[in-house]
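Come along and look things up with me.

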Amino acid sequence: MQRKIMKGFVAVVLIGILTTSCATMEEKPKTTVGAVGGAALGGLIAAAVGGNAAAIAASAVGGALLGGVIGNMLDERDKRLEAEAAQKALETAPTGSPVAWQNPDSGHSGSVTPVKTYQTASGGYCREYQQTVTIDGKQEKAHGTACRQPDGSWKIVK
Amino acid sequence: MKSVRYGVFIALVVVASLAELAIAQNPAKPDWGEGFRTHDENGDGKIDRGEFQNWMVDVFFHRDTNHKGYLVFADIQNSMSLEGFKVRDSNGDGRLTLEEFLNSLFQDFEAADVNKSGSLSMEEIGNYIKAARK
């Protein structure tokens, strides 16, 4: 008797599970077929904030980010700090999130902010960035594009 | 002996149901509002197709561990089922290209754009995500 009741209960649970699954499938509008779905979209865009950090390559950004008079006013440590900030920003920072650097010895500071990401035909990544450098209280801004190299470094292309 | 097996099965079903209930009651709070604001380039409070594409390329880039140029299932397994991944991996090579990724997401864009304005408000995205979790 107990066995029969148990079997009946299992059958009811299974039917319940199957019915729920079928209902869920049918309720989904046809327009979402092929879409990642709302839950997946939510997960994907939430993860974009903060990013899925890849390992930061030891090599720094190739080429000085800021040329001209301002570029010449940066000392070696400024340039190293700037290059490290740029590498970090380009490799891991979400679009719109600045990575700042500061050299207490020279008093110079700055930031690098990725503003747009795109992929080249060969599958490589490029990112446009905005850069600020503050020297003696005066801030200079620059805009450029860097592309990721196979070794993980970023090379300025524009 | 049989009743023991049924008992174990029922216990598993109950545990699974409770776990599902707990997840449903405590969904992770996605902080995508910041991403929305960042990618609303013209600041009109809506994400048009161009802005959406830029946003999703950014998502793809950050999900692509080690920046290989494509996604494997491990890169997005916390947002997509394996079945879902395979459906989108049209040539079955285990890699999701940016084009395949964007094709899928633009179907979400169309589905979320309930008033067919060609752009998404924060409310439309929120409702679309919320509806999928019900």
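I began with a rule for touching: two residues are in contact if their C-beta atoms, placed from the backbone, lie within 7 Å. With that in hand I looked up Tyr118(A), and, leaving aside its neighbours within four places in sequence, I found Tyr118(A) in contact with Cys126(A) and Val57(B).

**Ground rules**

I noted that this is a predicted model, where local features need pLDDT of at least 70 and side-chain atom pairs count only at pLDDT 80 or more, while totals for chains, interfaces and linings use all residues. Residues are numbered from 1 along each chain as its sequence is written, and chains are lettered from A and ligands numbered from 1 in the order in which they are written.

**Confidence**

I checked pLDDT, the predictor's confidence in each residue, from 0 to 100. Chain B has a mean pLDDT of 80, and 76% of its residues reach 70 or more. Where is confidence lowest in chain B? It is lowest in helix H1 (residues 2–25) of chain B, with a mean of 39, and highest in strand E1 (residues 46–48) of chain B, at 97. Over residues 4–30 of chain B the pLDDT is below 50, and this stretch has 10 contacts in the model beyond near neighbours in sequence. For the complex, the predictor gives an ipTM of 0.72 and a pTM of 0.71.

**The two chains**

I listed helices (H or I, at least four residues) and strands (E, at least two), which are DSSP runs numbered from the N terminus. Chain A has 4 helices and 5 strands, and its elements run α-α-α-α-β-β-β-β-β from the N terminus on. Chain B has 7 helices and 2 strands, in the pattern α-α-β-α-α-α-α-β-α along the sequence.

Next came burial: a residue is buried if 20 or more other C-beta atoms lie within 10 Å of its own, exposed if 12 or fewer, and partly exposed in between, with C-beta atoms placed from the backbone. In chain A, 30% of the 158 residues count as buried; in chain B, buried residues make up 28% of the 134.

**The sheet in chain A**

I counted two strands as paired if DSSP finds at least two bridges between them.

I then followed the strands pair by pair. E1 (residues 99–103) of chain A is joined to E2(A) by 5 bridges, and Ala100(A) stands opposite Ser111(A) in E2(A). These strands form a hairpin with 4 residues between them, and Gly107(A) in the turn has a positive phi of about 80°. At the E5(A) end, 3 bridges join E4 (residues 138–148) of chain A to E5(A), where Arg148(A) stands opposite Trp154(A).

**Back to Tyr118(A)**

Tyr118(A) sits in strand E2 (residues 108–119) of chain A. Buried, exposed or in between? Tyr118(A) is partly exposed, because it has 17 other C-beta atoms within 10 Å.

**Two loop residues**

I looked up Asp136(A) in the loop between E3 and E4 of chain A. Asp136(A) has a positive phi of about 50° although it is not a glycine, and it is exposed, with 8 other C-beta atoms within 10 Å. In chain B, Lys116(B) lies in the loop between H6 and strand E2 (119–121). Lys116(B) also has a positive phi of about 50° without being a glycine, and it is exposed, with 6 other C-beta atoms within 10 Å.

**Helix H6(B)**

Last, I looked at the buried residues of H6(B), among them Phe101(B), Leu105(B) and Phe109(B). Seen down the helix axis, the buried residues fall within an arc of 165° (taken from the directions from the axis to the C-beta atoms), so they line one face of H6(B).
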